[in-house]
Structure formats: structure tokens, C-alpha cells
Protein chains: 2
Amino acid sequence: MTGRHSNAETKAEVENPMSLSTALISVDVVTFQVINGQLMLLVKESQGTDGKPLYMLPAGRIEPRHDQSLDDAAERQLRMYSQQTISHLEQVETLGSPDRDSRGWSLTVVYLALLSSIKTSGTCQNTRWIKVTDGTPDMPLAYDHNKLVRKALDRLKNKIQYSSLPVYLLPEEFTLSDIQTVFAAVLEKTPPMRSIRNRFLKEDLLIDTGHQRRGSNRPAALYKVNKNSQTWLFDRLYLSTQ
Amino acid sequence: MTGRHSNAETKAEVENPMSLSTALISVDVVTFQVINGQLMLLVKESQGTDGKPLYMLPAGRIEPRHDQSLDDAAERQLRMYSQQTISHLEQVETLGSPDRDSRGWSLTVVYLALLSSIKTSGTCQNTRWIKVTDGTPDMPLAYDHNKLVRKALDRLKNKIQYSSLPVYLLPEEFTLSDIQTVFAAVLEKTPPMRSIRNRFLKEDLLIDTGHQRRGSNRPAALYKVNKNSQTWLFDRLYLSTQ
DNA sequence: GGAATAGTGTCTATAAGACAATATCCT
DNA sequence: AGGATATTGTCTTATAGACACTATTCC
């Protein structure tokens with residue numbers, strides 16, 4: 001593409017070909033996890049000038065020496081704040097504007113990351129999990145990060161309805177009720193158990209591990225994902241969650 | 001985002017904060033039109049060093065003075081090569097890599113644009129419509145533009161199956177058979193007429209203009225879009241086109 | 001037995017798809 | 001009339017959803 005062969009070079013660009021073809025870039029990662037049935041967002045915490053805590057998304061620049069792609073850059077950002085396996089990572093959208101950064105035209109590549117559910121919400125230094133309720137983080141985030149979270153969450157809410165994304169928010173072994181819990185956490189509404197069972201027990205998408213989760217009730221069968229973790233797609237949405 | 005508050009600043013970045021947070025950027029637009037039932041791609045033509053013609057996508061840089069957003073930049077690119085109304089424009093994906101441009105790490109924002117079907121494929125200087133068959137442009141494109149076309153076309157092929165995108169590839173007034181023609185052009189496969197009718201004549205998505213297209217057969221009713229051109233979504237895919 | 005959650009059976013609703021049957025124009 | 005394309009009718013299939021019912025555990 002473009003490179004030195006780009007069309008529409010203005011006089012200034014020809015004189016100084018590097019200057020106007022660049023912009024400030026950052027890669028921002030919106031990371032979700034479901035902990036005890038609650039949707040949580042990974043943020044880093046720092047000290048604002050007024051002493052109040054400041055919450056923001058893991059974000060950073062591209063490092064030419066390390067990043068072979070934008071996905072690499074996103075993964076590297078996330079890895080600074082969580083060592084957990086990243087079960088799903090996808091680019092959501094790139095936003096650009098002259099106003100986001102005081103230094104000039106800037107551009108953000110927004111990523112959606114999903115981590116497996118774990119009981120402990122252990123984090124690195126200056127990192128926190130904050131609740132997300134009604135589609136909004138409980139603590140307001142700095143800059144335009146609330147907007148970025150909204151974009152990533154919209155993607156998740158939509159895609160969870162026709163794909164295997166729910167299982168990426170669950171641990172390796174899970175019950176069918178766990179899937180329902182994920183829907184509730186993300187959509188604040190859930191498809192009927194009958195529909196979830198019909199959908200997820202079709203074909204060989206899941207494997208019955210033979211294990212069971214026991215409580216003070218009938219034990220539930222524990223399943224794991226088949227098909228080497230490939231995301232699979234269905235051809236209908238759930239209507240009850242619209 | 002990032003701004004001056006970005007984490008993970010290396011020593012070099014602190015010393016020269018502008019340098020490593022920027023990269024070469026271009027916005028590339030993949031524009032489709034259906035002309036006489038044939039899917040066509042808009043390219044610009046130039047002379048290669050060996051005298052052979054070189055085809056590439058409309059692409060260019062962000063102009064801080066003119067562009068308030070990436071969408072603006074994409075629209076501006078496309079406007080240089082076609083004055084037709086842009087009936088649909090959406091961002092597909094941003095690709096980045098150290099190899100695409102010899103000057104260093106570069107980044108492309110890929111857009112998908114749809115233009116209304118018209119008989120004449122009139123174009124501006126150095127601009128051509130080339131056929132797309134089997135998902136590939138008839139002429140190979142320069143750089144990695146074939147890959148970008150593939151990405152945009154994949155998006156179109158998918159989205160056409162559950163949205164009103166087909167009508168954006170048609171003129172203001174069209175018949176239901178025209179919709180079928182668009183499916184054939186894009187997917188090289190088509191849902192049954194019964195299904196198309198059931199879907200598009202539901203609710204008040206289309207308005208019967210009362211006009212008819214006449215030929216050597218029964219005339220077909222001409223429809224136009226209702227609902228102020230908002231893209232609408234269905235909750236199922238066509239299975240016959242999978 | 002009773003509480004609690006897991007899982008099944010069955011009927012309805014919706015929309016896609018197959019396919020045959022009409023309808024309406026032109027020549 | 002005959003050709004051509006548009007449009008409708010009807011039956012089948014697939015899956016979501018409602019809802020009642022059964023199953024299995026712990027106490």
C-alpha cells in the first residue's frame with residue numbers, strides 16, 4: 001500500500017515526506033473477566049495531580065523492536081498487567097481525531113481481550129479489577145477511556161450472542177449453568193437454559209469431561225471445549241436478549 | 001488512548017517523546033459497485049517503472065487541517081476518485097507491520113465503501129473499475145492491496161447476509177430481483193427468491209413506489225428504502241449461501 | 001422428606017428453503 | 001399462443017423460547 005507511492009502529496013509532504021504521514025499512535029486494551037458472576041474490567045491505577053486516584057486502560061505505544069503486528073502490541077500491553085493466559089483477543093476499532101491528545105492528531109487502536117474466569121482477581125502492581133454494571137465501569141476512567149470501553153463492550157455483547165465467546169470467559173472446565181452466568185454478567189439478561197443447552201450440546205462443540213461439580217444439590221456435568229479452541233459461530237441470535 | 005500519560009516509556013521515549021510514539025499511517029479504501037450484475041472494484045492506475053500499468057487502492061494520509069476523524073480521511077480519499085454519493089462507508093480493520101513500508105513500522109486503516117449501482121462506470125482521471133471474480137480482482141494489485149481487498153470483501157460477504165447492505169449496492173429504485181442479483185455478484189451464490197421476499201417485504205423496510213420496470217415479461221415492482229436509510233439487521237443468516 | 005439446582009419432554013413461534021402453481025407482461 | 005420473468009401458496013426443516021416435569025444430590 002501507500003508508502004512512498006501514496007497519491008495526493010501536498011507540497012509540504014514532498015519537501016518533508018516523513019512529517020505529515022505520521023501520527024501519534026496508541027494501542028488500548030479493554031480486558032474483561034467474569035469473577036463470581038460479575039463482569040470486571042482491568043485498569044491501571046495511578047495518582048492524579050489532585051491526589052485522587054486515576055483509572056485508565058492498559059495502553060501504550062508500538063515498539064518496533066518487539067512488535068511484528070498490532071496484535072503483538074496489544075498482547076504486550078496486556079501482559080504488563082496480567083500474566084493470565086489470554087483466551088481471546090480481537091481488534092475492535094481504530095479511532096482518530098485531532099482532539100484526543102494535546103500534541104496533535106492521534107490515533108487509538110482499541111482491542112477487546114477476554115480472560116478465563118478465576119476465583120482470585122490477583123493483579124500486578126498498580127492494577128485493579130473494577131466492576132462493570134449497566135455497561136459502565138463503576139469508577140469513571142480518565143481521558144476518553146469510558147468511550148473505548150463502551151465500544152469494546154458493545155462488540156462483546158453482540159458477538160456473545162452468536163459465537164462461542166462465552167466459553168472464553170470461563171475456566172477450562174465449566175457447567176452449562178456457568179455459560180448462563182456469563183450471559184447474565186455481560187448482557188444483564190439471559191437466554192433460557194433450554195436454548196443454551198440446545199445450542200452448546202449440538203455437534204461436538206463441547207466434551208463431557210466426566211467430572212462433576214457438586215454442591216448441596218444435584219451435581220452438574222463439567223464440560224470442556226472441543227475443536228482446538230477455534231471460535232465457532234452460530235447463524236442466529238438469541239431473541240430473548242435483544 | 002495515551003497522550004502524555006502513557007505508561008511504559010522507554011528511556012529513548014522520555015528523551016525524545018515524539019519519536020517512538022508515531023508511525024507511518026495511511027487510510028486505504030476498498031470501494032465496490034455492482035455494474036450489470038458484476039462486482040467491480042475501484043482502483044487508480046499509474047505507470048510502473050517497467051512501463052506496465054500499476055493498479056492500487058485509493059489511499060492516502062491523514063490531513064490534520066481537513067480530517068476530523070478517520071472516516072473523514074477515508075471519505076476524502078474516495079472523493080478524489082468518484083463524485084458519486086457514498087451509500088455506505090465502514091471501517092474494516094487496521095493492519096500494522098514493520099515490513100509493509102520500507103521506511104519503517106507502518107499502519108493502514110482499511111475501509112469498505114459501497115456505491116449505488118449505476119449503468120455508466122464513469123470515473124475520474126487515472127481511475128478504473130476492475131472486475132472481481134472468485135473474490136479476487138481480475139488485475140493483481142500493487143503492494144499488499146490484494147490482501148486488503150480480501151479483508152473488505154470478507155466483511156461484505158458476511159454482513160450482506162444479515163443486514164440491509166444489499167440495498168446500498170442498488171440504485172434508489174430497485175426490484176426484488178435486483179437484490180438477488182447483488183447477492184449473486186457478491187457471494188456467487190444466492191438465497192431463494194422466496195426467502196429474499198419474506199425478509200425484505202417484512203415490516204416497512206421497503207416502500208412500493210408504484211413504479212414498475214418493464215421488459216419482455218411481467219413487470220417488476222420498484223421499491224425504495226424506508227426508514228431514512230438506517231442500516232437494519234436481521235437475526236439470522238441465509239444458510240443456502242454458506 | 002424438602003430444598004436446591006440439573007436436566008428432559010413437548011409444544012409453539014418464526015423464518016429459511018424447496019418446489020409447484022399462478023400472474024402479467026411482451027412478441 | 002408461447003416465452004420470460006414476477007409473485008404467491010404451501011409444506012418442510014431448523015432452532016429459539018415457554019413451561020411443565022423429572023432427576024439427583026445434600027441436609
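Predicted model: local features only at pLDDT ≥ 70, side-chain atom pairs only at ≥ 80, totals over all residues.
Student: What makes A:Ser117 count as buried?

Tutor: Buried means under 20% relative accessible area, and A:Ser117 comes in at 18%, so it counts as buried. Across chain A, 49% of the 242 residues count as buried.

Student: Where is A:Ser117 in the chain?

Tutor: A:Ser117 sits in the loop between strand S6 (104-115) and strand S7 (127-133) of chain A. Setting aside residues up to four places away in sequence, A:Ser117 touches A:Gln33, A:Val34, A:Leu169, A:Leu170 and A:Pro171.

Student: On to the helices. How do you describe the way H5 and H6 of chain A meet?

Tutor: Two packed helices are described by the angle and the distance between their axes. For H5 (residues 176-187) and H6 (residues 193-200) of chain A, the axes come within 10 Å and cross at roughly 115°. The crossing of H5(A) and H6(A) is right-handed.

Student: Which residues make the contact between H5(A) and H6(A)?

Tutor: H5(A) brings A:Leu176, A:Ser177, A:Ile179, A:Gln180 and A:Phe183, while H6(A) brings A:Met193, A:Ile196, A:Arg197 and A:Phe200.

Student: What classes do the residues in the H5(A) contact with H6(A) fall into?

Tutor: That contact has 6 nonpolar, 2 polar and 1 charged residues. Arg counts as charged, so A:Arg197 of H6(A) belongs in the charged class.

Methods. Residues numbered from 1 in each chain as written. Chains lettered and ligands numbered in written order. Heavy atoms only, no water. Axes fitted to C-alpha atoms, helices over the stretch in contact; angles between N-to-C directions. Helix = DSSP H or I, 4+ residues; strand = E, 2+ residues; numbered from the N terminus. Left-handed = near helix turned anticlockwise from the far one by under 90°. Contact = heavy atoms within 4.5 Å. Buried < 20%, exposed > 50% of the residue type's maximum accessible area, 1.4 Å probe, protein only.
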